[in-house]
Amino acid sequence: MFPLRVRDLRWEAGGRAILDGLDLDLAGEGITILLGPNGAGKSVLLRTLCGLLEPQAGTIDWGGGRRPESGVAMVFQHARMLRDSVCGNVELALLPARLAAGERRERALAVLERVGLAQRAADSARALSGGERQRLALARAWVTQPRLLLLDEPTASLDPSSVDRIERIVREIRTEGTRILMTTHNLGQATRLADDVVFIDAGRVCEHAPVQRFFARPASQAARLYIQGELPWRMAF
Ligand SMILES: Nc1ncnc2c1ncn2[C@@H]1O[C@H](COP(=O)(O)OP(=O)(O)OP(=O)(O)O)[C@@H](O)[C@H]1O
């Protein structure tokens with residue numbers, strides 16, 4: 001599956017190129033943070049990688065093989081909860097693995113423990129708070145032991161302590177060997193989590209660099225402006 005090589009990817013909607021000749025290389029380890037202005041095409045790229053959108057042109061080479069049947073999981077910004085218990089939501093994610101019911105439940109409870117939701121296992125998933133929902137969404141993805149996990153702004157609109165919990169979980173998932181590609185507009189979070197940064201503008205990758213290099217010496221004007229515009233100390237007080 002790795003190295004993942006994306007070449008000249010193009011996805012159009014309404015006659016407009018949203019991904020416009022996008023190239024990307026991902027090696028097999030670490031956390032890559034995808035940055036870029038609103039509308040740059042970050043979510044569309046993630047959806048294309050997980051097979052929800054079909055590109056009109058270009059290639060995705062999964063380490064020389066076909067797109068894996070399993071092994072890619074995605075967590076959306078506003079994850080939908082199924083009308084079931086917290087534990088039931090995780091167990092459903094395991095259905096394709098065809099495990100015995102007892103083992104499914106055991107694995108679901110183990111991952112809920114790790115995301116701090118074991119006490120809520122029997123509660124309705126739809127009764128969870130925003131931060132808890134995101135942790136449940138991560139648990140649903142983590143329990144499938146994906147090789148590649150795509151996270152689309154998983155901490156948008158969460159309070160700082162919820163953000164911290166999610167970041168800890170993301171680090172743990174990475175430590176267990178899952179490759180992570182994640183979008184955020186939180187530059188502090190990018191510096192805390194990233195091994196490397198991919199900066200996208202207008203449907204193309206402008207820059208792909210190790211995190212320290214990216215923030216210390218962004219190579220493109222677009223990335224420089226984006227970093228300056230997002231810095232919190234530019235707020236007017
Ligand atoms: N299914 C779709 N049909 C038509 N246009 C779409 C579709 N999905 C996304 N777009 C358009 O593609 C562009 C890129 O959207 P995308 O959600 O990828 O941006 P983004 O970089 O993730 O932005 P943000 O940071 O605001 O989340 C936007 O102009 C959006 O309206």
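Trainee: Let's start in the middle: which residues have the most contacts inside the largest nonpolar core?

Mentor: Before that, two notes on what you're looking at. This is a predicted model, so local features need pLDDT of at least 70 and side-chain atom pairs count only at pLDDT 80 or more, while totals for chains, interfaces and linings use all residues. Residues are numbered from 1 along each chain as its sequence is written. A nonpolar core is a set of buried Ala, Val, Leu, Ile, Met, Phe, Trp, Tyr and Cys residues joined through C-beta atoms within 7 Å, and the largest one here has 63 residues; those with the most contacts inside it are Ile 33, Leu 112, Ala 139 and Leu 150.

Trainee: And which helix gives the largest share of this core?

Mentor: Helices (H or I, at least four residues) and strands (E, at least two) are DSSP runs, numbered from the N terminus. The largest share of the core is 6 residues, and they come from the helix at residues 130–142, H4.

Trainee: How confident is the predictor, and what is the average pLDDT?

Mentor: pLDDT is the predictor's confidence in each residue, from 0 to 100. It stays under 50 over residues 232–237, for which the model has 1 contact beyond four places in sequence. Still, 96% of the residues score at least 70, and the protein averages a pLDDT of 93.

Trainee: Is helix H1 mostly buried or exposed?

Mentor: A residue is buried if 20 or more other C-beta atoms lie within 10 Å of its own, exposed if 12 or fewer, and partly exposed in between, with C-beta atoms placed from the backbone. In H1 (residues 42–49), Lys 42, Val 44, Leu 45, Leu 46, Thr 48 and Leu 49 are on the buried list. The rest of the structure largely encloses this helix, because 6 of its 8 residues are buried.

Trainee: What about H2: what covers its buried residues?

Mentor: H2 (residues 86–93) is mostly covered, with 6 of its 8 residues buried. Those are Val 86, Cys 87, Asn 89, Val 90, Glu 91 and Ala 93. What covers them includes helix H3 (101–114) and H4.

Trainee: How do H2 and H4 lie, roughly parallel or roughly antiparallel to each other?

Mentor: Axes are lines fitted to C-alpha atoms, for helices over the stretch in contact, and angles run from 0 to 180 degrees between N-to-C directions. The axes of these two come within 8 Å and cross at roughly 30°; the contact is made by Val 86, Asn 89, Val 90 and Ala 93 of H2 and Leu 136, Ala 139 and Arg 140 of H4. Angles under 35 degrees count as roughly parallel, over 145 as roughly antiparallel, 65 to 115 as roughly perpendicular and the rest as oblique, so H2 and H4 are roughly parallel.

Trainee: At what angle do H4 and H5 pack?

Mentor: H5 covers residues 160–175, and its axis is 10 Å from that of H4. H4 is roughly parallel to H5. Gly 131, Gln 134, Arg 135, Leu 138 and Trp 142 of H4 make the contact with Ser 162, Arg 165, Ile 166, Ile 169 and Ile 173 of H5. The angle is about 10°.

Trainee: Last one: which residues does a cis peptide bond join?

Mentor: Look at the segment before E1, where Pro 3 is found. Omega is about 0° for the bond that joins Phe 2 and Pro 3.

Key:
Contact = placed C-beta atoms within 7 Å.
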